[in-house]
Structures are given as C-alpha cells and as structure tokens.
Amino acid sequence: MHLLKTSLAALALSATGLAFAAPAFADGEVNIYSYRQPDLIKPLLDEFTKETGITTNVLFLDKGLVERIQAEGANSPADVILTVDISRLTEAKDGGITQPVASDVINKDIPTQYRDPDGNWFGLTTRSRVVYASKDRVAQNEITYEELADPKWKGKICTRDGQHSYNIGLIASMIAHHGEAEAEKWLAGLKNNLARKPDGGDRDQAKAILAGECDLALGNSYYVGLMMTNEKEPEQKEWAAAIKVLFPNANDRGSHVNVSGMAMAKNAPNKDNALKLMEFLSAGTAQQIYAQQVYEYPVLPGAEPSDVVKSFGTLKADTLPLVDIAANRKKASELVDKVGYNDGPSQ
Ligand SMILES: [Fe+2]
C-alpha cells in the first residue's frame with residue numbers, strides 16, 4: 001500500500017489532480033480515496049496485492065472527498081472510494097462521483113439490504129447503534145430503542161450531538177418503522193430523558209457512565225472494542241469496563257445497523273483493477289481481516305466477527321434496507337431541530 005498523503009499538498013494546489021499523472025500510476029495499480037484510516041485498511045490492501053500483484057495507492061481524506069473528486073472531473077485518478085456511513089455513501093452517489101457496478105460475485109456476497117439497488121455503493125461491514133448501560137446501576141439486560149423515551153430513564157441518558165450521522169441514521173430508522181409523528185414523540189421523550197446537553201463522541205458517553213453522569217448511552221458497537229483494546233490511552237479500558245452492551249430490540253425487529261462501504265469512482269482510470277479490488281473486499285478472506293481490524297461485523301453471511309466483538313453478545317441486525325434509512329435522513333435531521341434535541345433536557 002502506498003500512502004498518497006504526501007501528494008496532498010501538491011494536489012491541493014492543482015485542482016485538476018494532474019499531480020497524479022506521475023509514472024507511479026501505471027497499469028497494475030488501483031487508486032483508493034479513503035475516509036477510512038490508512039492503518040485500518042492496510043492489512044486488507046497488503047493481502048490484495050499479495051493475491052493479485054496489483055499495487056494500491058491510498059489517498060486518505062478526512063473531509064471533502066466528494067468535492068475533491070467532482071473538482072478533478074474526468075481526469076480524476078480515483079478508482080475506488082472507501083467510506084463509512086450510509087450518509088456518505090448516499091452523498092457520493094448523489095454527488096455524481098460514482099458509477100454503477102454489476103458484479104455477480106459482489107451481489108452474491110453482499111446482502112441486498114446493504115447495497116444500492118443500482119450498484120453505486122456497497123456495504124462492507126456493519127456496525128450497530130447499541131445501548132451502553134452501566135454495569136453497576138442498570139440491572140436489566142434487554143432494552144428497546146422505544147424504551148429510551150420511557151420517563152423511568154429521566155435524567156439518565158447521555159448521547160452525542162443529535163445531528164451526528166450515527167444518530168441521524170438511528171432516528172431515520174425510527175421514522176421508517178413508526179412514521180414521522182411517532183418518531184417525533186419518541187425523540188422528544190428521549191430528549192427529556194437526557195442527563196445533559198448532547199456532547200462529545202460515542203466513547204465520551206461511556207466515560208460519562210463511568211463518572212456516574214448517566215446510566216445509559218447510545219454508541220456504536222465497534223467503539224467498545226476500540227476502548228477495550230486501547231493501549232495508547234489505557235484509561236479507555238476503564239470506560240469500557242464500566243459498561244455492558246445492550247443490543248436494542250433483540251427480541252423483535254433487531255438492532256439498527258449502519259455500514260462502512262465502497263463505491264467505484266465515476267471516471268475510474270483502472271476500472272478492471274477497481275472491480276477486482278471490490279470483489280476481493282466483499283469475499284471471505286477480506287471480510288475476515290476487515291472485521292478483525294475494525295471491530296465491526298462482516299456483511300458476508302457466515303463470516304465471523306472478532307472474539308472481542310463476540311464478547312458483547314449476539315447481534316440480530318434490523319433488516320430494514322439502508323436505502324429506506326437514507327430516504328428518511330432529511331426528515332430525521334428536521335426532527336432533531338424541531339424537538340430541540342441538542343438543547344438537552346427540558347427543566
Ligand atoms: Fe465512528
């Protein structure tokens with residue numbers, strides 16, 4: 001895997017992206033524009049190169065990927081886009097920077113609800129929006145999203161910003177399941193149960209549970225694995241140790257999931273290699289490596305999550321198609337404003 005981060009400055013100066021037309025980009029290569037951290041995808045790409053002989057070049061971006069590829073236009077060197085969240089996958093398709101891929105291999109590996117019907121994006125891993133519950137203060141081991149609006153939890157719940165895409169995805173799923181009016185009542189109830197104004201990232205909510213600020217929080221499943229194994233910031237292990245993972249709605253429709261995913265760039269110069277990479281990423285070996293690396297769930301049916309992830313319990317994923325979640329994102333965002341979610345609990 002070659003990291004293209006050093007080319008970033010050059011590219012920023014040349015909006016045409018011509019800096020990419022260097023000799024390094026010959027046949028036998030594939031260019032990846034990624035929102036996913038380079039070290040997360042490196043083991044995968046190394047294995048791909050080992051199997052195929054195709055070299056991978058990665059440009060890591062933390063924002064502006066769509067605008068970047070739009071600006072590069074027909075000369076864009078981007079072949080494959082790697083990103084997280086249905087919001088970003090939809091944004092890529094709507095921004096006109098993807099092209100449809102029809103591959104029997106990919107379509108066999110990736111279940112229908114995790115891919116665009118037109119083949120403009122595909123989920124690679126799922127992550128569930130679970131409830132982090134205080135081990136000390138919450139006796140129950142089951143919960144539903146609906147129950148988070150029950151007044152019995154008044155002053156007990158912490159979450160991050162309501163407008164964050166992770167929460168928007170969940171709220172959009174509530175709209176899809178219950179309709180807008182019910183979802184609004186639910187969100188207003190959840191807001192009234194907040195312990196404080198929404199703040200921080202998902203991991204900060206676990207930290208707040210350890211500190212006794214709240215008993216329940218919403219968080220993505222993989223952060224629990226990242227906290228449990230965090231050698232760089234070992235105090236995160238204590239945050240993780242303070243909580244148990246509850247998979248909401250395990251006894252009915254299942255827990256809300258979102259995806260990390262991939263798309264083929266509209267003007268992919270190395271289209272054949274891009275397809276090879278995408279087929280590789282959806283198949284068994286890569287699914288296993290990826291899931292181990294990121295503490296997420298493989299989309300490939302039958303592929304196992306890591307032991308750390310298995311230790312949380314069993315995920316039963318809501319089968320609602322991601323396109324239905326994407327379709328309700330705008331309404332979800334409006335509801336967040338309408339109920340004043342980010343103002344925190346009413347007095
Ligand atoms: Fe995240």
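Figure 1. Asp 85 counts as buried at 1% relative accessibility; buried means under 20% relative accessible area, exposed over 50%, and partly exposed in between (1.4 Å probe, protein chains only). The model is predicted: local features need pLDDT of at least 70, side-chain atom pairs count only at pLDDT 80 or more, and totals for chains, interfaces and linings use all residues. Residues are numbered from 1 along each chain as its sequence is written, and side-chain values use heavy atoms, with hydrogens and water left out. Asp 85 sits in the loop between strand 4 (80–84) and helix 4. Helices (H or I, at least four residues) and strands (E, at least two) are DSSP runs, numbered from the N terminus. The phi of Asp 85 is positive, about 85°, although this residue is not a glycine.

**Figure 2. Asn 249, in the loop between strands 9 and 10.** Strand 9 covers 243–246 and strand 10 covers 257–265. Asn 249 has a positive phi of about 60°, yet is not a glycine. Its relative accessibility is 1%, so Asn 249 counts as buried.

**Figure 3. The largest pocket, with a volume of about 760 Å³.** On a 1 Å grid over the protein atoms alone, a pocket is an open set of points where a 1.4 Å probe fits, with protein on both sides within 12 Å along at least five of seven lines; lining residues have an atom within 4 Å of a point. Grid points are joined across faces, edges and corners, and a volume is the space filled by probe spheres set on the points. The lining has 28 residues, and Arg 36, Gln 37, Leu 40, Tyr 222 and Leu 226 lie nearest the centre. Elements giving two or more residues to this lining are helix 2 (38–52), helix 4 (86–94), helix 6 (165–178), helix 9 (221–228) and helix 12 (284–294). By class, the lining has 10 nonpolar, 7 polar and 11 charged residues. Ala, Val, Leu, Ile, Met, Phe, Trp, Tyr, Cys and Pro count as nonpolar, Asp, Glu, Lys and Arg as charged, and the others, Gly among them, as polar.

**Figure 4. The second largest pocket, about 310 Å³.** Of its 17 lining residues, Tyr 297, Pro 298, Ala 303, Pro 305 and Leu 315 are the closest to its centre. Strand 11 (297–298) and helix 13 (307–310) each give two or more residues to the lining. The lining divides into 12 nonpolar, 4 polar and 1 charged.

**Figure 5. Gly 200, between helix 7 (180–192) and helix 8 (202–210).** Gly 200 is partly exposed, at 35% relative accessible area. Beyond neighbours within four places in sequence, Gly 200 is in contact with Arg 160 and Gln 205 (heavy atoms within 4.5 Å). The C-alpha atoms of Gly 200 and Asp 161 are separated by 7.5 Å. Along the chain, these two residues are 39 residues apart.
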